[in-house]
Amino acid sequence: HLFWLFAHPWVYIVVLPAMGLVSDALPILCRRPIVGYALVVLATVLTMVLGFGVWVHHMFATGLPLVASSFFSGASFIITIPSAVATLAWVATIWAGRPIFTTAFLYFAGFIVMFVIGGVSGVVTAAVPADLQLTDTYFIVAHIHYVLIGINLFGVLGALYFWFPKMTGSMLGERLGRWNFWITFVGFNLAFLPMHLTGLMGMPRRV
């Protein structure tokens, strides 16, 4: 309990800066204000607040009382709502805007893809019966890589391509940047997406 009480909010704390970077830069690349600004801010804050109340979903397989498991399973489902609000706002901003398809934009779009895949795989493990089957399998390995690395990597690289010219006065090469994005995006998904399947087939972690 002491470990996960620290470690689970930490996961959300790590993700929040990437969410902020995307929320700040994506509207500029889409040439319109972000859709539902107040809701996105509220969703970001609620993600952090609720993040302190779901740590037990890492412990469903330890033999917890049914009432505790039910409560934290429900809380784990509820925390998906702010994430869904933020995701819909980013997608709506792209849809309603006139996006400029720069390397930074591609990375932000990749971030949204990673955010959805990582989030959906997290929702699966919020259900106690599913979690009992998936604990300590490669499904969890896939999930944590999408959440901790995928989301942060694509958000921060997009921000780097976006703000580097502003910080240095020098433009980064778009041609090389696009190669960089596609190799990273395809490579990441080739490495980690199949792990969901191997985990569902029962492959244990640390193999």
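**Loop, helices and rings**

User: Where is Thr 62 found?
Analyst: Thr 62 sits in the loop between helix 2 and helix 3 (66-78). Helices here are DSSP runs of H or I with at least four residues, strands are runs of E with at least two, and both are numbered from the N terminus.

User: What kind of model is this, and how are residues numbered?
Analyst: It is a predicted model: local features need pLDDT of at least 70, side-chain atom pairs count only at pLDDT 80 or more, and totals for chains, interfaces and linings use all residues. Numbering starts from 1 along each chain as its sequence is written, and side-chain values use heavy atoms, with hydrogens and water left out.

User: Back to Thr 62. Buried or exposed?
Analyst: Exposed, because its relative accessibility is 54%. The cut-offs: buried is under 20% relative accessible area, exposed is over 50%, and partly exposed is in between, using a 1.4 Å probe and protein chains only.

User: What does the side chain of Thr 62 lie 2.6 Å from?
Analyst: The backbone oxygen of Met 59 lies 2.6 Å from a polar atom of that side chain. A polar contact is a pair of N or O atoms within 3.5 Å; within protein, one must be able to donate a hydrogen and the other to accept it, and residues adjacent in sequence count only if both atoms are side-chain atoms.

User: How far is Thr 62 from Leu 132?
Analyst: Their C-alpha atoms are separated by 9.3 Å. Along the chain, the two are 70 residues apart.

User: New topic. At what angle do helix 1 and helix 2 cross?
Analyst: At roughly 170 degrees. The axes of helix 1 (residues 2-30) and helix 2 (residues 37-51) come within 9 Å. That makes the two helices roughly antiparallel. Axes are lines fitted to C-alpha atoms, for helices over the stretch in contact, and angles run from 0 to 180 degrees between N-to-C directions. Under 35 degrees counts as roughly parallel, over 145 as roughly antiparallel, 65 to 115 as roughly perpendicular, and the rest as oblique.

User: Which residues meet there?
Analyst: His 8, Pro 9, Tyr 12 and Leu 16 are among those from helix 1. Contact means heavy atoms within 4.5 Å. By class, this contact has seven nonpolar, five polar and no charged residues. Ala, Val, Leu, Ile, Met, Phe, Trp, Tyr, Cys and Pro count as nonpolar, Asp, Glu, Lys and Arg as charged, and the others, Gly among them, as polar.

User: What else does His 8 touch?
Analyst: Leaving out residues up to four places away in sequence, His 8 touches Gly 51, Val 54, Trp 55, His 57 and His 58. His 8 counts as buried because its relative accessibility is 5%.

User: And how do helix 5 and helix 8 pack?
Analyst: Helix 5 (residues 103-126) and helix 8 (residues 174-200) pack at about 10 degrees, with axes 9 Å apart. That makes helix 5 roughly parallel to helix 8. Their contact includes Leu 106 and Tyr 107 of helix 5, and Phe 181 and Trp 182 of helix 8. It has ten nonpolar, eight polar and two charged residues.

User: Now rings. How many aromatic pairs are there in the whole structure?
Analyst: A search finds 19. Rings of Phe, Tyr and Trp (its six-membered ring) pair if their centres lie within 6.5 Å; planes under 30 degrees apart count as stacked, over 60 as edge-to-face and the rest as tilted. Trp 90 and Phe 111 have ring centres 5.2 Å apart and planes at 70 degrees, so they are edge-to-face. Trp 90 is in helix 4 and Phe 111 in helix 5, 21 residues apart.

User: What about Tyr 107 and Phe 154?
Analyst: That pair is tilted, at 5.6 Å centre to centre and 50 degrees between the planes. Tyr 107 lies in helix 5 and Phe 154 in helix 7 (residues 138-168), so the pair ties together parts 47 residues apart in sequence. Both residues are buried. They also belong to one aromatic cluster, which includes Tyr 146, Tyr 161 and Phe 192.

User: Last one. What is the phi of Arg 31?
Analyst: About 60 degrees, a positive value although Arg 31 is not a glycine. Most residues other than glycine have a negative phi. Arg 31 is in the loop between helix 1 and helix 2.
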